[in-house]
Amino acid sequence: MKARGPQPCSPTRDVAAPGRPGVVVESEVPAARAVAPQRTAAEALALLAGEEGEGAGLLAAWTLLIENLNEAVWLVQADTQRVCAVNEAALQMLGLPRAQVLGAGAGTLLPTPEDFAFWVEAAAEPLTSATELSSQTLLQRADGTTLYLTRRIRPLPPRLYMVALQDHSAQRQAEQEREQLLAQLRATLESTADGILVTDLAGRIRSFNRRFAQIWALPEALLHDGNDAAVYDWMRRSVNDPVRYQQRLDAVREAVLMQASDRLRLRSGQVVERVTLPQWVNGRPIGRVFSFRDLSERIAADQRIERLASTDALTGLANRAQFADAVARATADALPGGEHFAVLVLDLDHFKHVNDSLGHQGGDRVLCEMRDRLQQGVPEGDMVARLGGDQFALLVRGCDTHGAELAAARVLEAVARPLTLDGSEFTLTCSIGIAVHPIDGVSADDLLRHAENAMQRTKAGGRAGYRLHLPVQQPLDARSRIRLDHAMRLALASKRFRLAYQPQHDLASGRLMGVEALIRWHDSERGCDIPPSEFIPVAEASGFIVAIGEWVLTQAVSQAAQWLSLGWEVPVAVNVSALQFQQPYFVDQVQAALEAASLPPRLLALELTESILLHDAEETLSRLQALAGLGVGLAVDDFGTGYSSLAYLKRFPIDKLKIDRGFVRGLPGDESDAAIVRAIVQMARALELNVIAEGVETEAQRDFLAHAGCHEAQGYLWAPALEPELLQQRLIG
C-alpha cells in the first residue's frame, strides 16, 4: 500500500458540543455543518482533513459532519477495526438499526474478499501507510436484496477510516434492462421474415439482419468488411434496372421525411418489395429504415389463383369479376374532363337454337369462335370478357358516345359473319347495350347495370342492334336535391330526426364494449324512412351536415349520460363529417356538450374519416391533440377505403381503426378481403391501436375476425341499430 502521512492542522479552540455534555468539538464545526448538505462526502471530509485535533473532539466533529451528508458513510476505528459512527443514509442502505451497526466489525458490513483483504492489510500496517480503496462492490442487505455500489475507504485523523458508499443499483438495473431490450430487439430483428437495413441520414449502414443478406445474396466477405460502398454496389448490380434503382434511391436519401414503397426485380428473378421509412428519435429524423420482402413465391401463387379465379374456363377470357375490376380501375383512373370510356354488354341472339341443334360441344366451339372475332376487332388496351353463358362484354377506352356506337357497329358486323361448323353454315346476331363513363355512371356497378339494362331493351326492341343507356335527366335530379335539402331542414326544426344505437362487442368475450350512434329520419310526406345514404350526401353538399352533426353529438352525449345515471356505463361513438370537424369551434362544442350532460369524456368516441386526417395536417394535429386532451376517444372510420397512411397513424393521437364493411362482406372466402383485413389488424397491433370491424353478419365472419386478432365488431350478427329503449331492454333487461 502507498503510505499517506498525517495532514497539517491549523489551531482551533475547543467548545462544548450543544446538546451533548462532555463532548468537545472544534469551533469551526457549526460552519462545516451548515455547508455539509451541499457537499459530497469527499469534499466535506477533505475540509476536515486539514483540521487539528485528536480524540473524542475530532471524532465528534466527524460524526456530526457525516450525519449531514447525502452519501452513506460510516467511520471505523483503526485500532479496533470497529464501527464507531454511522449516518442515517448508511443505515437506510444497510437496512439495519444503528445499535447493530455501531461496534460491528469493519469487514462484516461489506463482507467481500476485497474488503477483507483491505482490513487485514490495514491491521498489519500503520495507519499512515494505508492507502485508499475505491472500486465497485456488491452489498447484500438484511432483507436479501443486492445493491450495486461504489465503495471508497480512506484514512482520517485521528486514527479513523471513513467508508463512503454510492448506490448505483437503479442505474445498473436501467443498463441491464436496456441491454435486455437491445437483445430482444436484435432477436426480433433476426426473427422477422423481412430483410432490414438501417442507415443514418448520410446513408452509412448502421445495422442489418441476416434475412437482408439472404434476400440480396450478399457474399459472406461483405458482411464483415464494413465496406458500405461495396454493399451498395452489390445491390445496384443485382437489380434489372440499376440506373432507375439508383435514381430512386438518391431521391429517397435527399428527402429525409419521404416514405416510399417500391418493387424491385432482381437479376435472379426475384421480386422484392422495398419499403422505406424515416427513423425518428425524440421527434427528429436520425436515419432511415429499409425493409425488403421477397414476393416471388407469393406473386407466383397469386397469379395462379388469379388465373383460376378471374378467367373464364372455356374461352380463357376475363370473367365477370375480372371485368368488373377493370372497369373499377378505369373509373378510378379517369380524370375530370379527361377521356371517356364505354362498357358494351352483348348477348348472342337465339343461342339456345345452336345448343339444341349442334349440342353443347358445338355451342362451346361457337363461343370460342365469337371470342376470336371479338378479340380481333379490339384495339390494344381494351378488354373482352365473357360474363357467362352466351353473354360477353367489352371495355372500350378513349371513346365518347359516338365512338361507343361505332364500336358496337363493328361488333355487330363481326358477329354476323357466316359460320361453318361440321359442314353446316349459319349466321348469328347479337344484342348490345352501351353505357358511357361518366355520362351513364361513375362506378363499375352502375356502368355494368346500365349497359345490361340497355342490352335488355335491345332484345325487347327486336334484337340484332344496340341501345344506349337513357340517363335520368339532370334538371329532375336538381329539383329532387332541393326538395330533399328543404325537407331535412324542416325535419331538424320539428325534431323528426332520431338516433338509433348499434351495439359493439368484444370478439374474445362477447362483452358489450359500446354503441355507435346512427341517425334515422322518418319523412311523414313519403310515409317511410329516408336512408342516410340518400340524405347525408345532400346535407354534405349543402353544408347542412354541420347542423345535423351538432344535433347528433348533443343527443348522443345526453343519451350516454342518461344511461350512466341508471348505472349503465356505455361508451358512445359519434360520426364526424369533414366539414363539421373543420369548424373552428368544434373542440369547444365537444367540451360544452360533455360538460352540459356531465358525461365523463372517456364515454365519448369520435369517428373520423381518413379524408379529415389528410386535410391541413398541422391544423388537424392541433385539433386532434386538443380532443385527446379532453379525454375523448378518436377512431378512423371506414379505414382502408381512402388514402391509408402510416404517417398520420403514427403522428396523430388515434385510438382505434374501424374496418369498412366492404372488406368484411367477402370474409372468409374472398382472399383479397382476408388479406386486407389481416394487414389492417397486424398494422394496428404494431401501432398499439384497437381494431373494430363493422357489418359482421355471419358466424364465419366473426370467427375469422377473432382469429385474425380483431378486438371488436358490430353488425346484424348481434343486432341492428336499436332505439334506446329497445337497446336497454335487450341488453340489460
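Leaving aside its neighbours within four places in sequence, which residues is Arg248 in contact with?

**Whole chain**

The model is predicted. Show it as a cartoon, coloured by secondary structure: there are 29 helices and 28 strands in the protein. The protein has 733 residues, and 43% of them count as buried. If you draw contacts between residues at least 6 apart in sequence, 59% of them join residues at least 24 apart.

**Arg248 and its surroundings**

Now return to Arg248, which lies in helix 12, residues 242-254. Show side chains around Arg248: beyond its neighbours within four places in sequence, the contacts are with Met258, Ala260, Asp262 and Arg274. For one of these, Asp262, draw a distance between C-alpha atoms: Arg248 and Asp262 are 14 residues apart along the chain, and the separation is 9.1 Å.

**Helix 11 against helix 12**

On the helix 11 side, select Tyr232, Met235 and Arg236; on the helix 12 side, select Pro242, Tyr245, Gln246 and Arg253. These residues make the contact. Coloured by class, the contact of helix 11 with helix 12 shows four nonpolar residues, one polar and two charged.

**Helix 22 against helix 24**

Next, select residues 586-597 for helix 22 and residues 617-630 for helix 24. Their axes come within 10 Å and the crossing angle is roughly 15 degrees. An angle under 35 degrees counts as roughly parallel, so that is the description for helix 22 and helix 24. The crossing of this pair is right-handed. Helix 22 contributes Phe586, Val587, Val590 and Gln591 to the contact, and helix 24 contributes Arg623, Ala626, Leu627 and Leu630. By class, the residues of this contact of helix 22 with helix 24 are six nonpolar, one polar and one charged.

**Helix 27 against helix 28**

Move on to helix 27, residues 671-686, and helix 28, residues 699-708. How do the axes of helix 27 and helix 28 cross, and at roughly what angle? They come within 10 Å and cross at roughly 40 degrees. Helix 27 and helix 28 are therefore oblique to each other. Their crossing is right-handed. Show the side chains of Ala674, Val677, Arg678 and Val681 on helix 27, with Phe704, Leu705 and Ala708 on helix 28; these make the contact. The residues of the contact of helix 27 with helix 28 divide into six nonpolar, no polar and one charged.

**Cysteines**

Last, select the cysteines. How many disulfides does a search of the whole structure find? The search finds zero. Two stops remain in this selection. Cys430 has a relative accessibility of 1% and so counts as buried. Go then to Cys710, which is also buried, with a relative accessible area of 5%.

Technical notes:
Residues are numbered from 1 along each chain as its sequence is written. This is a predicted model: local features need pLDDT of at least 70, side-chain atom pairs count only at pLDDT 80 or more; totals for chains, interfaces and linings use all residues. Side-chain values use heavy atoms; hydrogens and water are left out. Axes are lines fitted to C-alpha atoms, for helices over the stretch in contact, and angles run from 0 to 180 degrees between N-to-C directions. Helices (H or I, at least four residues) and strands (E, at least two) are DSSP runs, numbered from the N terminus. Angles under 35 degrees count as roughly parallel, over 145 as roughly antiparallel, 65 to 115 as roughly perpendicular and the rest as oblique. A crossing is left-handed if the near helix is turned anticlockwise from the far one by less than a right angle, and right-handed if clockwise. Contact means heavy atoms within 4.5 Å. Ala, Val, Leu, Ile, Met, Phe, Trp, Tyr, Cys and Pro count as nonpolar, Asp, Glu, Lys and Arg as charged, and the others, Gly among them, as polar. A disulfide is a pair of cysteine sulfur atoms within 2.5 Å. Buried means under 20% relative accessible area, exposed over 50%, partly exposed in between (1.4 Å probe, protein chains only).
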